[in-house]
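Work through the exercises below with the sequence and the coordinates open. Each task is followed by a stepwise solution.

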Amino acid sequence: MQITSLCLCLNERPNIRFHAASGRAGKYCEVLARILDGDGTETGDLDNQIGKLPHWKPRYNPGTLLILDRESDPVAPLLHEVTYQAALMDADRIKDGNLIEVEEKRKGKPTRTTYVLNEEDKWWREFRHRHVKEVIGKLSQAKEEFLKNNQVAAGQRDVAEWDSKQMLKQVRDYPLYREFTRQYKKHTGILAMTLNGLRPLLKEGLNLEQDMATGMDPKGKKISSRDFFSRLCAICESSDICMLSKLRIVMTYIITQGGMNKKEKDIIFSHLNHNALPAIGKLEELGINTGNRQNAFKRKLDSSHEAEIKNHLNEEAEWAGGQWRYRPRLLDTVKQMIEGKLSTKSHPYIRAPRKETVVERKASGIRSRRIRSTKTKLDDDVK
C-alpha cells in the first residue's frame, strides 16, 4: 500500500488512530487502520513489510497516523473560499498550474497578458491564502510606502536642486521602481478580474453558504433556516452564477438541511444541468440523505465546533466580512490531537500507543554519554 511505503521511507512506525463514526465511513476507517496495524490475530501490513527489511529502524519518537473519512465533514470542500488563490481556482482562471491571462488595455486597445504565479513572486507567496479584500488593502498600503521611500516614484523632477547623493539614489531606485510597478500592475489586474467574477456570488451566494453551514450570522447569533430555500431558488435562477457554483450551494443545502423533498427538487433541478445531477445522488455514499428532509440527517454543529467558530468570528470579523465564518472540522480535530485533547472514544487507537518518553529518555542518555566521552578524548588530546 502507498501509506505503508510512505511510512517506511520516512522511517516511521506510527501510532494509528481512526474516526469511529457510525455508518459505512467509520467502518472503512477502521478496516484501513486494521489492515495497516493488524487486529491482534493477524499482523498488519506495516509490520509485514518491516519484517522484510532487516536493517530498517524506526525513528525514536513515533508520529500518529489519523485516518479520517470525508463523511465527518462533507460541507467544507463545497464552500467557496474568498482567498486570493481559491477565488482564482473557483473562477477557473489558472491554466497549466501557474499561468493566468488578464485582459488589459494598451494604447487604448484591449490585449491579453499572460502572467506566471509561482513561489518566486513575493506577493503571491505572502497573499495567496489571504482574503481578497485584505490583499487589496495590503497592496494599497505597499504602494503608499513605496511612494514615500522611492526617489523615482516620489516624482522629484527639480533636477537643479539635486546633489550627487540624490542623483545616485535616483539611479539606484530605478530598477526597484520598474519591478514594483510591474508587480503592482500584475496583481491589481488579476484582483480586478477576480472580483468581477466573484461579484454575483459575493452579493448572496457566499452569505447563504455560510448561513447554512454555521447556522449563525457574522456576529455569532443563531439564525432561522426558513428563508434558505427561497434564497437558494434566487441563486439557481441567476444567469450570472456558473453551474458549478450553483451545484455546490445546492449540495450544501441538502447536507445541512437533512435532505430535499420532491417539490423542492423539481424546482431546483430545473435550473441545473442534467449532467450535474448524478453528483447529488453520490452524496448517499457518504451517508447523506438526499430524499425528504429528516432531522436525524440534519447537520448540526457540536458544542466544541460551535465554540471554535464563534472564536474565529471574533478574531477574523474585521476583514472576513462575514463570508468566511465556517471552520473545517479537520482543522479542529488536528488541533485537538496536537494538544493531546482528542477523545479516544471518537478517535480510538488500533493498539495502545507506544510510550515516546521511555525511548526519548534512553536516546538522551546515549547522546549525553557520547558527548561526555568525546569531551574527555578532546581534553586528553589537549594535554
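**Exercise 1. Overall inventory**

How many helices and strands does the protein have? Then state how much of the chain is buried and how the accessible surface divides.

Solution. 
- Ground rules come before the counts. This is a predicted model, in which local features need pLDDT of at least 70, side-chain atom pairs count only at pLDDT 80 or more, and totals for chains, interfaces and linings use all residues. Residues are numbered from 1 along each chain as its sequence is written, and side-chain values use heavy atoms, with hydrogens and water left out.
- Step 1. There are 15 helices and five strands. Both are DSSP runs, numbered from the N terminus: helices are H or I with at least four residues, strands E with at least two.
- Step 2. Of the 383 residues, 38% are buried. Buried means under 20% relative accessible area, exposed over 50%, and partly exposed in between, with a 1.4 Å probe and protein chains only.
- Step 3. The accessible surface is about 23700 Å², and carbon and sulfur atoms hold 52% of it. The areas come from the Shrake-Rupley method with a 1.4 Å probe; for residues, only the protein chains shown count as cover.
- Step 4. Take contacts between residues at least 6 apart in sequence: 73% of them join residues at least 24 apart. Contact means heavy atoms within 4.5 Å.

**Exercise 2. Helix H9 and its partner**

Which residues of H9 are buried, and at what angle do the axes of H9 and H11 cross?

Solution. 
- Step 1. List the buried residues of H9: Phe228, Phe229, Arg231, Leu232, Cys233, Ile235 and Cys236.
- Step 2. That is seven of ten residues, so H9 is largely enclosed by the rest of the structure.
- Step 3. Two packed helices are described by the angle between their axes and the distance between the axes. The axes of H9 and H11 (residues 262-269) come within 10 Å and cross at roughly 25°. Axes are lines fitted to C-alpha atoms, for helices over the stretch in contact, and angles run from 0 to 180 degrees between N-to-C directions.
- Step 4. H9 and H11 are therefore roughly parallel to each other. The classes are: under 35 degrees roughly parallel, over 145 roughly antiparallel, 65 to 115 roughly perpendicular, the rest oblique.
- Step 5. On the H9 side, Phe229, Leu232, Cys233 and Cys236 take part; they meet Glu264, Ile267 and Ile268 of H11. The residues of this contact divide into six nonpolar, no polar and one charged.

**Exercise 3. Arg231**

Is Arg231 buried or exposed, and which residues are linked with Arg231 in a network of salt bridges?

Solution. 
- Step 1. Locate the residue: Arg231 lies in helix H9, residues 228-237.
- Step 2. Its relative accessibility is 16%, so Arg231 counts as buried.
- Step 3. Beyond residues up to four places away in sequence, Arg231 touches Glu204, Asn207, Leu208 and Asp211.
- Step 4. Arg231 also forms a salt bridge with Asp227, side chain to side chain, at 3.8 Å from N to O. A salt bridge is a side-chain nitrogen of Lys or Arg within 4 Å of a carboxyl oxygen of Asp or Glu. Asp227 is partly exposed, at 35% relative accessible area.
- Step 5. The network links Glu204, Asp211, Asp227, Arg231 and Arg325.

**Exercise 4. Salt bridges within helices**

How many salt bridges does the structure hold? Why are Arg34 and Glu30 separated by about one helical turn?

Solution. 
- Step 1. The structure holds 21 salt bridges.
- Step 2. Arg34 and Glu30 pair at 3.1 Å, N to O. They are separated by about one helical turn because they are four residues apart in helix H2 (residues 24-37).
- Step 3. Arg34 is partly exposed at 33%. Glu30 is partly exposed at 29%.
- Step 4. Asp266 and Lys262 pair at 3.2 Å, N to O. These two are also four residues apart, in helix H11, about one helical turn.
- Step 5. Asp266 is partly exposed at 46%, whereas Lys262 is exposed at 59%.

**Exercise 5. Pro328**

Solution. 
- Step 1. Pro328 sits in the loop between helix H13 (303-320) and helix H14 (329-338).
- Step 2. With a relative accessible area of 34%, Pro328 is partly exposed.
- Step 3. Pro328 and Ser72 are 256 residues apart along the chain, with their C-alpha atoms separated by 10.0 Å.

How values were computed: Ala, Val, Leu, Ile, Met, Phe, Trp, Tyr, Cys and Pro count as nonpolar, Asp, Glu, Lys and Arg as charged, and the others, Gly among them, as polar.
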